[in-house]
Amino acid sequence: MLKNFLPNEHVTNVFEIRPEELVERGIKGIITDLDNTLVAWDVKEATPEIVQWFKLLDEYDIKVTITSNNKEERVSVFSQPLDTSFIYSARKPLSHAFKKAQKQMNLKKDEIVVVGDQLLTDVLGGNFAGFHTILVVPVVETDGFFTRVNRKVERRILNWMRRKGKITWEE
Ligand SMILES: [Mg+2]
C-alpha cells in the first residue's frame, strides 16, 4: 500500500526539471500542481523564474496543464497570464482530473510526468492514474488548514520511506 505514495523521482524545486532532459526521455507533457509546487500557496501570480520556466517548456514544445484542488479563481488568476491550460477543483488523488488533463493534451501516459509537492494528492493520484510522478519539496513550510492535516499523515509516510532507504533527500 505505501508504495503507492512513492514518487518515481524527487527534486528540490521545479527548476530541476529541465525541458531538454524531458525531451530526451520522450516526455511531451507535464501535469503540475500549483500551490507550494510552482509558488507558495499564498502567492497569487507566477514569479519571474516560473514565467521563464514555462517559456522554456514552450520552446521545447512541452505542454503543461496546471491541475489543482484549489478553487477556480485562484487557479485561473495564476494560469491565464501564463497562457497555460488548467484544471481547478481537481479532487486529487482521484484519477478524473489526471485523465482529463491527458486527454486535453492528447498525449500517451508515458509521455507525461505528474509533478507536485504532496504525497497524498499529487503522488498518490499520479501513481494511481498510471503516470510517472515527481515529488518536489514544498516552496514554503506553511499551508492552508486541510493541507496541514495531510502533512501530518505525509510526515509519517516520509519517515517510513526514509527508514526503508527509499528516499534520500534531506529536509
Ligand atoms: Mg500543492
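User: Quick one before we start: what does buried mean here?
Analyst: Buried means under 20% relative accessible area, and exposed means over 50%. Keep in mind that this is a predicted model.

User: Thanks! So is Asp 35 buried or exposed?
Analyst: Asp 35 counts as buried, because its relative accessibility is 15%.

User: And Asp 33, buried or exposed?
Analyst: Asp 33 is buried too, with a relative accessible area of 7%.

User: Now the metal. Which residues are the protein donors of the magnesium ion?
Analyst: The magnesium ion has Asp 33 (OD), Asp 35 (O) and Asp 117 (OD) as its protein donors. They lie 2.1 to 2.2 Å from the ion.

User: Nice. How are those donor residues spaced in sequence?
Analyst: The spacing of the magnesium donor residues is D-x1-D-x81-D.

User: Switching to the surface: which residues form the negative patch?
Analyst: Asp 58, Glu 59, Asp 61 and Asp 83 form a negative surface patch.

User: Where does Asp 58 lie?
Analyst: Asp 58 is in helix H2, which covers residues 48-59.

User: Why does Asp 58 count as exposed?
Analyst: Asp 58 counts as exposed because its relative accessibility is 57%, and the exposed class is over 50%.

User: Last topic, Arg 151. Which helix is that in?
Analyst: Arg 151 lies in helix H6, residues 145-163. Arg 151 is buried, with a relative accessible area of 13%.

User: What separates Arg 151 from Pro 48?
Analyst: Their C-alpha atoms are separated by 28 Å, and the two residues are 103 residues apart along the chain.

Methods:
Residues are numbered from 1 along each chain as its sequence is written. This is a predicted model: local features need pLDDT of at least 70, side-chain atom pairs count only at pLDDT 80 or more; totals for chains, interfaces and linings use all residues. Side-chain values use heavy atoms; hydrogens and water are left out. Patches are made of residues with over 30% relative accessible area and no salt bridge: like charges are joined within 9 Å, nonpolar side chains (Val, Leu, Ile, Met, Phe, Trp, Tyr) within 5 Å. Accessible areas come from the Shrake-Rupley method with a 1.4 Å probe; for residues, only the protein chains shown count as cover. A salt bridge is a side-chain nitrogen of Lys or Arg within 4 Å of a carboxyl oxygen of Asp or Glu. Lys and Arg count as positive and Asp and Glu as negative; His and the chain ends are not counted. The place of a charge is taken as NZ of Lys, CZ of Arg, CG of Asp or CD of Glu. Helices (H or I, at least four residues) and strands (E, at least two) are DSSP runs, numbered from the N terminus. Buried means under 20% relative accessible area, exposed over 50%, partly exposed in between (1.4 Å probe, protein chains only). Donors are N, O and S atoms within 2.8 Å of the metal (3.2 Å for Na, K and Ca); water is not among the atoms, so sites may look incomplete.
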